[in-house]
Amino acid sequence: MRIGVIGGGSFGTSLAKLLADNGHAVTMWLRNAELCRTLNETRQNSTYLPGLELPESLRATNVMEEAVHGAEMLLAASPSHVMREVMLAARPFASGSPVVVSASKGVEEGSLKRMTEVLAEVFGDPGRVVALSGPSFAKEVAAGMPTAVVAASCSEAAAQAAQAAFQAPTFRVYTGNDCVGVELGGAVKNVIAIAAGVSDGLGLGHSSRAALITRGVAEIGRLVAKMGGAEMTVSGLSGVGDLVLTCTGDLSRNRTVGLRLGRGETLDDIMASTRQVAEGVRNSISVSGLARQAGVEMPIAEQVRLLLHEGKPASQVVGDLMRRQAKPEFWR
């Protein structure tokens, strides 16, 4: 299969390598012409995945048409805040009706739409769009460490096409039809992971982190249910699975942001020190906005928004969460 990968960050590159290793002809689009040249010459993406050898069948280009025209499948791997802009630029070059797979975890700013909703608007057909999500660090996927994810779509054929393209001996792909649950789990977990990192940075211990993860599951579940998703999805790979990974793994960009904030660094200094995108920073605004729009209580997500964007001290965030009115966890 000919596949165009749109976005050459760490996750886009790792999935492009996976697809090329699976025998597909893969062309990856990157904005940076110099990075394209270096990648093609050295077979490495030295900016985002240094030291990883990329297969010869993976080619990089900064010309969008070269990546998109003739592709039977497109992997949309740009950050959520530029997804619409980038894929609108890709759309004129698409020929036929390629399946479009989103590997971005987030909610669009302003519209508060999920990535499959954005892509369905861009390409005019929700039946061609798939969300790929689950507990998967780019570096580990690229290294061939066993990983399991879910490909969700309103079209069983599109989900199965993605499953067939990505399935590999070390990359297991399940299918599903709950895009709402899969995508909201992937977006909210990044915000909760920042809170978990803050807790670790403040030295609050394992019990505090466990409480944040568990109550994070509750927040995801409330939002998913209100938006029409399935409760069982929250307990799956794209829900609990991805949340646990992102809140505890040392490779988590979002947890790292929170960890450094908890240790006293400023957000500006943290963001200036890395080229990697921590989706939870921007998505704390859109997730909180979606919660307000839906009338869903999400105190952790809201406190992370206040911490990141309104300068609320980390210690006060923790205190306010703990001092909330006492209530039942479950009552039957």
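Select N190 first: it is buried, with a relative accessible area of 3%. Buried means under 20% relative accessible area, exposed over 50%, and partly exposed in between (1.4 Å probe, protein chains only). This is a predicted model, in which local features need pLDDT of at least 70, side-chain atom pairs count only at pLDDT 80 or more, and totals for chains, interfaces and linings use all residues. Residues are numbered from 1 along each chain as its sequence is written, and side-chain values use heavy atoms, with hydrogens and water left out.

Now show helix α8, residues 179–201, where N190 is found. Helices here are DSSP runs (H or I, at least four residues), numbered from the N terminus. Look for G186: its backbone oxygen lies 3.4 Å from a polar atom of the N190 side chain.

Which residues does N190 touch, not counting those up to four places away in sequence? Select K105, T246, N254, E279 and G280. Contact means heavy atoms within 4.5 Å.

Next, the largest pocket. Its volume is about 1,300 Å³. Select G9, S10, R253, Q276 and V277, the closest to its centre of the 50 residues that line it. A pocket is an open set of points on a 1 Å grid over the protein atoms alone, where a 1.4 Å probe fits, with protein on both sides within 12 Å along at least five of seven lines; lining residues have an atom within 4 Å of a point. Helices supplying at least two lining residues each include α1 (10–21), α8 and α14 (279–294). The lining divides into 24 nonpolar, 17 polar and nine charged residues.

Move to the second largest pocket, with a volume of about 670 Å³. Of its 26 lining residues, A211, R215, L321, M322 and R324 are the closest to the centre. Colour α9 (206–226). This helix gives the largest share of the lining, seven residues.

Finish in the largest nonpolar core. Of its 40 residues, L223, L261 and M298 touch the most other members. Such a core is a set of buried Ala, Val, Leu, Ile, Met, Phe, Trp, Tyr and Cys residues joined through side-chain atoms within 4.5 Å. The largest share, eleven residues, comes from α8. Zoom in on M298: its contacts include V188, L223 and V287. A second, separate core of 39 residues includes L19, L35, L52 and M73.

Notes
A polar contact is a pair of N or O atoms within 3.5 Å; within protein, one must be able to donate a hydrogen and the other to accept it, and residues adjacent in sequence count only if both atoms are side-chain atoms. Grid points are joined across faces, edges and corners, and a volume is the space filled by probe spheres set on the points. Ala, Val, Leu, Ile, Met, Phe, Trp, Tyr, Cys and Pro count as nonpolar, Asp, Glu, Lys and Arg as charged, and the others, Gly among them, as polar.
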